[in-house]
Amino acid sequence: MIKKLLYYLEENWKRLWVVSLWIMIMIGLFTWKFFQYKQKNSFQVMGYCLLTAKGAAETLKFNMALILLPVCRNTITWLRSTKLGLFLPFDDNINFHKTIAAAIAIGVLLHAGNHLACDFPMLIKSSSDHYDLLINDFGSHKPTYLDLVKGAEGVTGILMIICMAIAFILATRWFRRNLIKLPKPFDRITGFNAFWYSHHLFIVVYILLVIHGVCLYLVHIWYRKTTWMYLAVPILLYAGERTLRFFRSGFYTVRLSKVAIYPGGVLALLMSKPPQIRYKSGQYMFVQCPAVSPFEWHPFSITSAPGDDYLSVHIRQLGDWTQELKRLFSEVCEPPVSGKSGLLWADDTTKKGLPKLLIDGPYGAPAQDYWKYDVLLLVGLGIGATPFISILKDMLHNIVKMEEQADLVSDSSRTSELRSGSNDSGTPNRVPPKRKKTLKTTNAYFYWVTREQGSFDWFKGVMNEVAELDQRGVIEMHNYLTSVYEEGDARSAFITMVQALNQAKNGVDIVSGTRVRTHFARPKWKKVLSKLSSKHCNARIGE
């Protein structure tokens, strides 16, 4: 139990201290506002319902400001490269965004629920003596329930609840991923489009929130109306981010050089690399196709290496946007001259014009920190292997550079020795050039697990290139096809035998069509991890 606890703390200490600090701030704000209103006359009329509503309101101000920060992607990408990355879990920004949203939902229930169902009725039913304490706040005429609801504070509050409820519901997994099947025309409220467009109701929500925070019944001094103080900096920062993304997306003009449609509904796009863009392996970028939608941007892992002179992404058909994108490119693609079945392609020589693309990025991702580890364990499930392809290519480029550099140093040393031998003994020897600092990452183990045999076509060229050029065995690759029974099972004995014979004779795996041997069923992870730990005892292994 102690060992498990230590492992848990080592894995989650960044998350724990950030969430703990966040919860303590909310408790502090709630408590401060709770006891502040307990000293006021309004407490004698509306009781603890008012205190709870006001305490929840203070946490709502804080969370409505905080929820914008995790989606400031440019800021987070920059911060993760600073020393703050050692203490803050920037990789969990979207999870934190969702957690704050859940806290906002609870705060809305407490704030609106106590106002509408508790303290408003208590105010209406209060005696004349008690109401006299609040004449300066509500006027000499006691308001009715309808007066309270139809006032600026009530209307803005109800409209905010409606907008937030729509955005919150359509952002849930069931609606966002089309898991709920609704009859037409209600099916339009499911899917990514509904999530994307409904989330932009936040603009209306923040405008209403500022109005709601100004038109308060119980606060009349301007500097005590603190809603705008909470929101000012996060809104300005987020607006700056969106402005930067808008101008940068138009600045990064790309030209499609090659398009390929692989089995399994995967679309590979190779495009020119803008000279201004700088990225690391494992990062991602946003892609927009105006012909599909002039407003939608979707994130995809960059599968090209930083050293490549092009950008590439691999997009699998999963939603309505990707389906339309694939259909659009299918119209301009044509079978290759070689007549290879199952592969459609197009390039800049294609007669039909290729659709226009816009890109925005790059943005930081967990995989970009791979260079911090001595040994890498890369596990990709289906199309989830895309960020690791860029890492493999980057490592391959570095291996080739190191080999060339080693040859250069060796040649220089040999030339220096020959010269020193032919010179007089009094001539000082020339100092050979120093070898550059080697990479920290010494080994990588790539496990690609997929159900479909056609998936191996997606990155066949990369895997063959790695297998051919990696003479030192730095990168070890394993393909796993889970739709076939595991090796040793009688039902897969024949294909295993044919596979072994073909691999020995031609050096090519018959299943994947690459130099990498394909295994069947799922990897035995306990065995894999034990092998890694015994082979690299004192190394830092990143998974």
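Modeller: Pro355 is found in the loop that joins β6 (344-347) to β7 (358-363); strands (E, at least two residues) and helices (H or I, at least four) are DSSP runs, numbered from the N terminus. The model is predicted, so local features need pLDDT of at least 70 and side-chain atom pairs count only at pLDDT 80 or more, whereas totals for chains, interfaces and linings use all residues. Residues are numbered from 1 along each chain as its sequence is written, and side-chain values use heavy atoms, with hydrogens and water left out.

Pro355 counts as buried because its relative accessibility is 14% (buried means under 20% relative accessible area, exposed over 50% and partly exposed in between, with a 1.4 Å probe and protein chains only). Its C-alpha atom is separated by 8.8 Å from that of Val332, 23 residues apart along the chain.

A second position may be set beside this one. Ile207 belongs to helix α11 (residues 202-214) and counts as exposed, at 51% relative accessibility.

The aromatic contacts come next. Across the whole structure, a search finds 16 aromatic pairs; rings of Phe, Tyr and Trp (its six-membered ring) pair if their centres lie within 6.5 Å, with planes under 30 degrees apart counted as stacked, over 60 as edge-to-face and the rest as tilted. Phe120 and Tyr145 form an edge-to-face pair, because their ring centres are 6.3 Å apart and their planes stand at 80 degrees. Since Phe120 lies in helix α4 (residues 93-124) and Tyr145 in helix α7 (residues 145-150), the pair ties together parts 25 residues apart in sequence. Phe120 is buried, at 9% relative accessible area, whereas Tyr145 is partly exposed, at 34%. Ring pairs also link Phe30, Phe34, Phe35, Phe43 and Tyr48 into a cluster.

The charged end of Lys33 sits over the ring of Trp32, 4.2 Å from its centre (NZ of Lys or CZ of Arg must be within 6 Å of the ring centre and within 35 degrees of the ring normal). Arg245 lies over the face of Phe286, 5.1 Å from the ring centre.
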